[in-house]
Amino acid sequence: MADQEPDAPALGSVRVVDRPSAEVAVDPAVVSATPDRATLRLALVVGGLVLAVLLGFGLGRIGDGRAATAPGGADSALTDHTHAAGVGAHSHGADQAAAAEAGGLAVSRDGYTLAPLAAEFTAGQPGELRFQIRDGQRRAVTRFAVVHDKPMHVIVVRRDMTGYQHLHPTMAADGTWSVPLTLPQPGIWRAYADFTALADDGRQTATTLGVDLVAPGDYTPRALPAPATTTTVDGFTVAYQGSPQPGLTVPVSFRVTGPEGTSPVLARYLGAYGHLVALREGDLGYLHVHPEAELVGGAIQFWLTTPGPGRYRLYLDFATGGEVRTAEFTVSVP
Ligand SMILES: [Cu+2]
């Protein structure tokens with residue numbers, strides 16, 4: 001009885017080996033070019049040998065370099081660089097194009113779907129955000145890579161770019177993520193799930209999916225503040241420096257000073273001195289940002305890729321005195 005269990009999950013990865021051999025057997029190119037039976041048989045034998053060699057070395061490793069930077073793998077604002085050390089991160093073609101795309105615009109992308117279990121909230125009342133990430137077979141994903149200390153990063157912001165929250169939900173054994181969430185004001189809110197899923201075959205997919213949440217009530221949108229290079233939060237002044245260019249990855253840095261011009265001690269938060277999320281005005285596209293692990297000349301530095309002209313809202317999380325604070329900037333890209 002037990003061995004007839006139809007949905008034993010472990011079988012999924014084993015079945016992969018059936019597919020390439022089937023392709024070899026029915027490959028029309030092989031068949032049409034080899035009308036006689038002996039040659040066809042030879043082709044099948046050779047195909048089988050090639051397949052055996054491939055399997056022997058592990059099919060999953062063949063595309064190694066590409067797998068790490070697969071399409072969609074580059075849109076995560078919180079995902080580390082996957083390039084080899086010493087490789088210039090900002091001058092290569094294919095990655096550049098992928099990175100220049102905004103993420104978080106779809107509930108389904110790169111083979112994964114964000115499925116919220118509840119999307120309606122009552123403004124100002126404590127609620128809970130619950131969701132699953134589902135794979136192509138509609139199964140809840142339960143294996144995620146830890147990136148910046150967490151397997152799942154959730155960003156919530158109202159559609160007018162106010163009320164930014166950066167959350168880290170916890171996952172139940174069945175793959176359901178949950179985190180307490182209060183939407184303080186009525187309106188339509190955007191929630192982003194930024195993660196790297198691990199498939200059965202070991203493939204890693206870094207992506208950001210997005211979904212709208214609703215808090216019914218009167219919604220008075222705030223106009224996006226004008227671009228500025230300094231802002232204050234809880235008595236700390238944060239100065240921004242950078243010149244984002246469409247389609248290019250450029251450094252942007254932030255310098256934090258304390259109440260009397262002092263240099264506050266910046267603590268590491270999630271493995272770096274700061275975390276930056278950038279959202280595009282108009283569609284709330286989620287941008288690609290790489291943090292530097294160390295301070296650069298006392299400043300928190302990132303590499304930002306803006307996909308095109310427009311205005312963007314930057315949200316910098318930094319930690320001082322045991323508290324995480326968020327400094328916000330509007331940046332205009334010509
Ligand atoms: Cu996070």
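Is His-168 buried, exposed or partly exposed? In this predicted model, His-168 is partly exposed, and its relative accessible area is 22%. Buried residues lie under 20% and exposed residues over 50%, so a value in between counts as partly exposed.

His-168 belongs to a metal site. Three histidines coordinate the copper ion: His-153, His-166 and His-168. His-153 contributes its ND1 atom, whereas His-166 and His-168 each contribute NE2. Along the chain, the copper donors are spaced as H-x12-H-x1-H. The pair His-153 and His-168 links distant parts of the chain, 15 residues apart. His-153 sits in strand β4, which covers residues 153-158. His-168 sits in the loop between β5 (165-167) and β6 (170-171). The accessibility of His-153 is 1%, so this residue counts as buried. His-168, at 22%, is partly exposed.

The structure contains 13 salt bridges. One of them joins Arg-158 to Asp-160, with 2.6 Å between the closest N and O atoms. Arg-158 is buried, at a relative accessible area of 7%. Asp-160 is buried as well, with a value of 7%. Both partners fall under the 20% limit and are therefore classed as buried.

Arg-311 forms another salt bridge, with Glu-281 as its partner. Here the closest N and O atoms are 3.0 Å apart. Arg-311 is partly exposed, at 28% relative accessibility. Glu-281 is also partly exposed, with a relative accessible area of 36%. Salt bridges with shared partners also connect Glu-101, Arg-109 and Asp-110 in one network.

A further salt bridge pairs Arg-130 with Glu-128. The closest N and O atoms of this pair are 3.8 Å apart, and a salt bridge requires such atoms to be within 4 Å, so the pair qualifies. Arg-130 has a relative accessibility of 36% and counts as partly exposed. Glu-128 counts as partly exposed too, at 41%.

Notes: Residues are numbered from 1 along each chain as its sequence is written. This is a predicted model: local features need pLDDT of at least 70, side-chain atom pairs count only at pLDDT 80 or more; totals for chains, interfaces and linings use all residues. Side-chain values use heavy atoms; hydrogens and water are left out. Donors are N, O and S atoms within 2.8 Å of the metal (3.2 Å for Na, K and Ca); water is not among the atoms, so sites may look incomplete. Helices (H or I, at least four residues) and strands (E, at least two) are DSSP runs, numbered from the N terminus. Buried means under 20% relative accessible area, exposed over 50%, partly exposed in between (1.4 Å probe, protein chains only). A salt bridge is a side-chain nitrogen of Lys or Arg within 4 Å of a carboxyl oxygen of Asp or Glu.
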